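My notes follow, one ligand at a time.

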Amino acid sequence: MTYTILVVNLGGTSTKVALYENDESIAVETLRHPTEIIMQPFHEQIEFRFKAIMSFLEQCDVDPQDIDIVSARGGVLKPIQGGTYDISREMVEDLRENRHGQHASNMSGVIADRFRARYGCQAVITDPVVVDELIDEVRPTGLRGIERRSVFHALNQKAVARKYAESINKSYSDINAIVCHMGGGITVGAHRHGKVIDVNDGLSGEGPMSPTRTGSLPNDRLARYILENDMDYDSVYDVLTKEGGFISLAGTQDAIELEERALAGDGAIEAIFRALAAQVAKEIGSRAAILKGDVDQIIFTGGLAYSQYLMDLIIPYISFIAPVAVYAGEAEMQALAEGAYRVLTGQEEMKTYV
Ligand SMILES: Nc1ncnc2c1ncn2[C@@H]1O[C@H](COP(=O)(O)OP(=O)(O)O)[C@@H](O)[C@H]1O
Ligand SMILES: CCCC(=O)OP(=O)(O)O
């Protein structure tokens, strides 16, 4: 039996959509959205992104009724184990209401649910951004009532770590790796024998700046900034997660354009890339410490890893820790298709989100 799988992966800056027959890709497209679109509230972006997915199907000459399952990137939910989950009513409500945090990936599950309602297929998510395998000692902060969370590019970090392990004929659970995903947000995970034991929370202003995120800020300066600008929670969240980093410093998240400007001699943009490289390197050093220096490989991935200019700025800081591999872009679409295929074929049990 051949299953037709529609994969939808909404990121901070892009909508990635693909069609699979079983676990074989037959068409894939990445739509990169202009800054004015990604700055809109998520509920206002859904229609635009849904239409983009429908026109992809039209271009592929595929009748939506022929889709067996939509496999969506999981969003900010309750902390859960990795795996493939049915998109339950409770999950859709958590995602639509942004109950556990806001991120573009929340829209993937909502769109998959809408597609299921219209065309009567199944709908699942795999390895959402809230996969939580943190060790106890990295959870506390120095303030009672505030604990750290695990919110990161779980799907892609695990997919590329597995890919690397396979390339050296090992299994993911045999290796220790630091995986640095550089997309709209940047997260750096310490992978110890198949578990991500520490990672910066990509939505809490932890870690390096990124195309759309501020990264860590001095706490007292942030408190003053909020008070001086009379900001409510949602505005602060937007500044930290959608309007920070390249957008705040250079007015766009488009790293291709910014790299061209830096290479053409724009000193201000060059300085931003240098600062980003130093911040990414410091985050990697922190993960090396939590792995007690036992690091087999550092792996870079995400859209920004295509930038040789940025990689050349980062690598000299961190090459003393371990060898470096670069898997630019992402392996998320394949990982999402495989997650759906495994449950369709009974190789893995579908999990239930409650
Ligand atoms: N070829 C490239 N060179 C440099 N930067 C790139 C390239 N392709 C994409 N990017 C940048 O990568 C970032 C998006 O990465 P991606 O992993 O697609 O993010 P997301 O899934 O979070 O939307 C954007 O800032 C984009 O400009
Ligand atoms: C929420 C962590 C994942 C993340 O930051 O994704 P994007 O880079 O797609 O925004």
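Ligand 1, polar contacts. I started with Ser14: an N or O atom in its side chain is 3.1 Å from an oxygen atom of ligand 1. Keep in mind that this is a predicted model. Next I checked Arg32, where a polar side-chain atom sits 3.0 Å from an oxygen atom of ligand 1. On its own ligand 1 has 580 Å² of accessible area, and the protein covers 90% of that.

I found strand E2 (14-21) and helix H9 (255-263) to be the elements that give two or more residues to the shell. Of the 19 residues around ligand 1, those that come nearest are Thr13, Gly184, Gln253, Ala255 and Gly303. I sorted the shell by class and got five nonpolar, eleven polar and three charged residues. The space ligand 1 takes is the second largest pocket.

Which side chains put an N or O atom 2.7 Å from an oxygen atom of ligand 2? I noted His153 and Arg213. I also have His103, with a polar side-chain atom 2.7 Å from an oxygen atom of this ligand. Ligand 2 exposes 310 Å² when taken alone, and the protein buries 96% of it.

Ligand 2, location. Its space is the second largest cavity.

Note on methods: Residues numbered from 1 in each chain as written. Chains lettered and ligands numbered in written order. Predicted model: local features only at pLDDT ≥ 70, side-chain atom pairs only at ≥ 80, totals over all residues. Heavy atoms only, no water. Polar contact = N/O pair within 3.5 Å; in protein donor to acceptor, adjacent residues only side chain to side chain. Areas by Shrake-Rupley, 256 points an atom, 1.4 Å probe, with all protein chains shown as cover. 1 Å grid on protein atoms, 1.4 Å probe; cavity = no way out; pocket = protein on both sides within 12 Å on 5 of 7 lines; lining within 4 Å. Sits in = over half its atoms within 2 Å of the grid points. Near = heavy atom within 4 Å. Helix = DSSP H or I, 4+ residues; strand = E, 2+ residues; numbered from the N terminus. Nonpolar A, V, L, I, M, F, W, Y, C, P; charged D, E, K, R; others polar.
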